[in-house]
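Dear colleague,

Please find the structure we discussed handed over below. My notes on what was found in it follow directly after it.

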Amino acid sequence: MSLASIVFYILAFISISMVGVLALITTNYNLSLAETVFYILATVSLVGALGVVVTRNVIYASFLLLTSLMGVASIYLLLLAEFLALVQILIYGGAVIIVILFFIMLTRVHEVKSITDNSQKPFAFITSLLVFGLLLAGILNSNVEVGERSSVPFTELGNSLFTQWAVPFEVASLVLLIALIGAIVIARPKEDE
Amino acid sequence: MDPISENLNNTGVQIAWVAPALGVLSFTLLVLFRKYLPQQGSFISIASMLASFGIFCYVLNSFMSSGGGVFSVEWFNIGTHSFTLGIIVDELSLVMLGLVTFVAANVQLFSIGYMKGDDSFGWYFAVHSLFAASMLMLVLSDNLLLLYMAWELVGVCSYLLIGFWYEKRSAAEAAKKAFVTTRIGDIGLLIGILLLYKATGTFNILDIFHAVSNGGVDSTILTSSLLLIFLGAMGKSAQFPLHVWLPDAMEGPTPVSALIHAATMVVAGVFLVARLFPIFTTTESTMFIISTVGLTTALLTAGIALVMTDLKRVLAYSTISHLGFMMLTLGSFGYTAALFHLITHAFAKALLFLCAGSIAHGTNDVRDIRQMGGLWRRMPVTSVVFSIGLFALAGIPPLSGFFSKDEVLVAILDNGNLLFFSLTVIAALLSSLYMARLFFLVVLGPLKTENEHAHESPLVMTVPLILLAFLSIFAGLIGPGFAGYSGIGDWLFFDKPHHYHINILVVTLSLFVGIGGFVLGWMIYYRGIYSASLISQKFSRLHNLLENKYYIDEFYQKLIDTVALAFARFLATFDRIVINDAAVNGTGRSVFLSGWRLRYLETGKVYNYALGMALGLVSIGLFWWFVVPSI
Amino acid sequence: MSLIHFQILSAAMFSIGLYGVLARRNALLVLLSIEIMLNAVNINLVAFSSYAESAQDVGQIIAIFIITVAAAEVGLAMAIILRLFRDRSSVDLDDVDLMKW
C-alpha cells in the first residue's frame, strides 16, 4: 500500500465517523445542527491550538496551526461572515503559513534537534489559567443585549470600509508598506556577500 | 509706693528715655567710626554719659516739682495683644538713674587713664556705652518684657567686658562662666515673667500690681512665678549658690569690675525685687526664702573673703556678701534700708575697685595683698581714698556705711527673727574684719622692696576716686536727712514712710561690730598679737574649706561632667548611630543593596518579560474585579 | 448557541496562545502562538458583530484590519528571526540575552 492510499483510507474513515457522530449527537443530545457543528469546529480549533503549543516538532506545529486557522474560518462561516472567512483562508492559509513554511525550509531549523520548551513552563501554565479564569469571569458577568445571528451584507461592508473606515484603511496599507520595507532592510544580506 | 500720676505735662518724664538712647547712639557711633576718630572715640562715650547725668538732674528737678509718671509708646501687636515700650519715673528709678549715670561717668573717666595704650580702646568704650544704656533701660522700664530685654543686654555687655582680653584663656573661660551661670537664673526669670503674664494678662508692671491687689491672681501661680523671678535675681546678683561667676569675673579690666560687678549690674537683681516689691510682699514664703538666701550668701562669702589673697577677689567676695545683706534686708521687709545700703555700697565698692586698679597701675601690676604694704608712702591719694572706702564699708561712723548698716540691722530686728539678727551681726563683724585686714596689709605696714618704684596715678584716674570718696563720706547723710531735706525714708519707701529712728541697742551693736572688727584686725594683722598663720593652722580644716571656696566650683564641674556631658555623649552617639548611620547612610545603602538584588530580575530573555506583562495583566484584572467594587 | 459560546471559545484560544508565547523557547513557535492569540480576538469581534445589533459591521471591519496587521507582523517577525538565525545559527530564545544584567 502506498502512502497516498493510506492517507485516503484515513481521511475516509474520519469523514464517515464524523457524519456518524453528527447523527448520533443530533438525535441523542437534542442539539440543533448549528450547535453540533459549532462544537465540532470548536474542538478542531482548540485541539489544533493545543497542538501548536505542545508539540516539539516545528513542522507539525505549523500544520496544526493551519488546521486551527481553518477551523476559525469555518466558525466565521457559522457566524454568517462569509467575506471574512474568505479573507481568513486566503491570507492565513495562503500567505502566512506559506511564509512560515518557506522560512522553515530555507533555514532548515527542523534539522537541529533542540529543546522547544523553556524553563518557566509551570508559571506560564498557571498564568494562562489565571487569564482564562479572569476572562471567564468577565464574560459570565457581562450582560449584552443579544439578538439572533445576523449577517452583514457584503456591499455594506465594502461601503463602510471605504467611507467611514477610509483612514484606517489607508493607514493599514501604510503599515503593510512599512512592514515590507522593514523586512527587506532587516533581512538584507551583508554587503560583501 | 506713691500712686503714680500719669502726668503727661511733666517734661522730665517725657525725656527720661533720652538717657539710655544717648548710650545706644554712642555705642553705634563708636562701633562704626572708632577707627577714624581721635582716641578711638572715647570722648563720645564720656560725653554721652555726662549728658545722661545732666538728664538725671533735669528729671530730678522736674520730679521734685511735679512728681513722677509713666510714658509709653506702642511697640507691636500680636493678634489682640499689644505690647508697649515705656518708662516709669518714680523714686526708685530716679535713684537708680542717678546712681548709674554718676558711677558710670566716673568709671569711664578713670578708664581713660587705666586702659591707655590698649588696642581695643574704642571697643571698650562702645560696650561701656551699651552697658550704660541697657542698665538705664532696665531701671526705667515699665513693663517686664522690656526689662527682660534690658536684663539680657546687660548680661551680654558683662560677657563682652569680662572677656575683653579674650586672648587670655582664663578671661574667656570666666566670661563664659558668668554668662552661663546667669543664664540659669535668666531661665527662671523668663518663665516667671511668662507665668505672671498668663495669670494677669499684661506685662505692664503697674497693671500687674492692680491685678494682684484686686485678688484676681491665684496664689500658687503667683508664688511660683515670683520664686522663679527671684531665681533670676539670684543669678544676676550672685546669691548663693549662683555666686560662682563673680569672683572669676575679676579677669576683666578693673574699671569694669568697679562698674558692673560692684555698683550697677549686680544690683539689678536687688532692683528687680524692689521694683516688684508690692507683689513680693503678698507672699510670705517668698520673703522668707529671699531673706534666707541673702543671709546664707552674706555669711558664707564673708568667710571666704577673709582668706583670699588676691585683692580683687577679696573685694569680689565682699560684694557678694553685701549683696546678700541687701537681699536679706529686702526679705525682711526693709525696703528703704536695703536701697539705702545699695546706694552707699555702690559708691564705696566702686571706689575700692578703682583704687585696686590704681594700685595695680602704680605698682606695675601687683595684685596679691601679701606683696603690698606701706603703699601710703608712695601713693598717698590712692591710699587715703582707699582707706575711706574701707572704713565706710566696715561701718565706721560718721561715714555712709555706718548709717546704712545701722538701718539694715534695724530692719532685720524689726522683722522679729532673732536668729537672723544675730547671724547678720556676725556677718557684719566678718565684713569689718576683712576690711581691716585689707587696710593693715595694703595701706600700712613696711614698704616691700619691689614696690620702691611705685608711683601715684595720673589726675584723670584720681579725680574720679576723690569724687567717689566724697560721696562715700557724705552719702550717709541722706539717711537721717540734713539741712532741710527730709531723710530718705520719707520719699523712698514702701507702703508708708519710714522714719529714721535711732535704736540704741542697734547703734551700739553696730558701733561695736565696726570698731571691734578693726581692733581685731589691728591685733592680728598689724601687731601680730594673734598670728594669722597660727590661727589658720589651728582651724586648718575650716581654713582649707574657705580657701577652696567650699569646693563649690568642683561640685559644679562634677555635676556638669556627669549630667550634661553624659547627656551630650548620649546625644552624640544617637546622632552618629541613628541619624547618620541608620537613617542617612542607611537609606543610601538600602537603595544600593536593593538594586544589587533586584538586578537579577532583568534576565534579558524575552519570555521572562512577557510573563511579567501577563502577570501584570492578571493582577490588574484581579484588582479591578475584587478591590474596585468595594471602594 | 448564543454569544457566550463564542466568547468562551475565544477566551480559551487566547489562553492557549498565551501559554504558547510564555512557555516556548523556539522563536518560530512563539510566532505561531501569537497568531493563535490574534485569531482568538478575531473570533470574539466577529461574534459580537454578528449577535449584537448596535455594532453591525464594526467587528468585521476591525477583524479585517487585525488580519492585515497580523500578516504584516508575521513578515517582519520572520525577517528578524532570519537575522537572528543567520548570526548565531539557532533560533533559541535563551541565547538572546544581551540585555542581561
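Burial is used in what follows in this sense: a residue is buried if 20 or more other C-beta atoms lie within 10 Å of its own, exposed if 12 or fewer, and partly exposed in between. Please keep in mind throughout that this is a predicted model.

Chain A as a whole

By that criterion, 23% of the 193 residues in chain A are buried. Chain A contains 7 helices and 0 strands, and its elements follow one another from the N terminus as α-α-α-α-α-α-α. Of the contacts in chain A with a separation of 6 or more, 48% are between residues 24 or more positions apart.

Two residues of chain A deserve a separate mention. A:G71 sits in helix α3 (residues 58-78) of chain A. Because 23 other C-beta atoms lie within 10 Å, A:G71 is buried. Leaving aside residues up to four places away in sequence, A:G71 touches A:L41, A:V44, A:S45 and A:G48. One of these, A:V44, is 27 residues from A:G71 in sequence, yet the C-alpha atoms of the two are 6.0 Å apart.

A:L80 has a phi near 60°, a positive value in a residue other than glycine. With 15 other C-beta atoms within 10 Å, A:L80 is partly exposed.

Between chain A and chain B, 9 residues of chain A are in contact with 9 residues of chain B. The side of chain A that touches chain B consists of 6 nonpolar, 3 polar and no charged residues.

A helix pair spans these two chains. Helix α5 (residues 121-140) of chain A and helix α26 (residues 606-627) of chain B have axes that come within 10 Å and cross at roughly 35°. The crossing of α5(A) and α26(B) is left-handed. From α5(A), the residues involved are A:F123, A:A124, A:T127, A:L130, A:V131, A:L134 and A:A137, and they meet B:L611, B:A614, B:L615, B:L617, B:V618, B:G621 and B:W625 in α26(B). By class, the residues of this contact of α5(A) with α26(B) are 12 nonpolar, 2 polar and no charged.

Between chain C and chain A, the contact takes 64 residues from chain C and 70 residues from chain A. On the side of chain C that touches chain A, α1 (3-23), α2 (27-51) and α3 (58-88) of chain C each supply at least two residues. The most comes from α3(C), with 19 residues. That side of chain C divides into 40 nonpolar, 16 polar and 8 charged residues.

Helix α15 of chain B and its surroundings

Helix α15 (residues 311-331) of chain B has 21 residues and reaches 30 Å from its first C-alpha to its last, close to the 30 Å expected at 1.5 Å a residue. α15(B) is mostly covered, with 21 of its 21 residues buried.

How do α11(B) and α15(B) lie relative to each other, parallel or perpendicular? The axes of helix α11 (residues 254-263) of chain B and α15(B) come within 11 Å and cross at roughly 10°. Angles under 35 degrees count as roughly parallel, and therefore α11(B) is roughly parallel to α15(B). B:T254, B:S257, B:H261 and B:A262 of α11(B) make the contact with B:K312, B:A316 and B:T319 of α15(B). These residues of the contact of α11(B) with α15(B) comprise 2 nonpolar, 4 polar and 1 charged.

Just after α15(B) comes B:F333, in the loop between α15 and α16 (335-362) of chain B. The phi of B:F333 is near 65°, a positive value in a residue other than glycine. B:F333 counts as buried because it has 20 C-beta neighbours inside 10 Å.

Cis peptide bonds in chain B

Two peptide bonds should be noted when you inspect the backbone of chain B. The bond from B:F240 to B:P241 is cis, with omega near 0°, and B:P241 is found in the loop between α9 (219-236) and α10 (245-248) of chain B. A cis peptide bond also joins B:P397 and B:P398, with omega about -5°. B:P398 is in the loop between α17 (380-394) and α18 (400-415) of chain B.

With kind regards

Note on methods. Residues numbered from 1 in each chain as written. Chains lettered and ligands numbered in written order. Predicted model: local features only at pLDDT ≥ 70, side-chain atom pairs only at ≥ 80, totals over all residues. Helix = DSSP H or I, 4+ residues; strand = E, 2+ residues; numbered from the N terminus. Contact = placed C-beta atoms within 7 Å. Nonpolar A, V, L, I, M, F, W, Y, C, P; charged D, E, K, R; others polar. Axes fitted to C-alpha atoms, helices over the stretch in contact; angles between N-to-C directions. Left-handed = near helix turned anticlockwise from the far one by under 90°. Expected span 1.5 Å × (residues − 1). Parallel < 35°, antiparallel > 145°, perpendicular 65-115°, else oblique.
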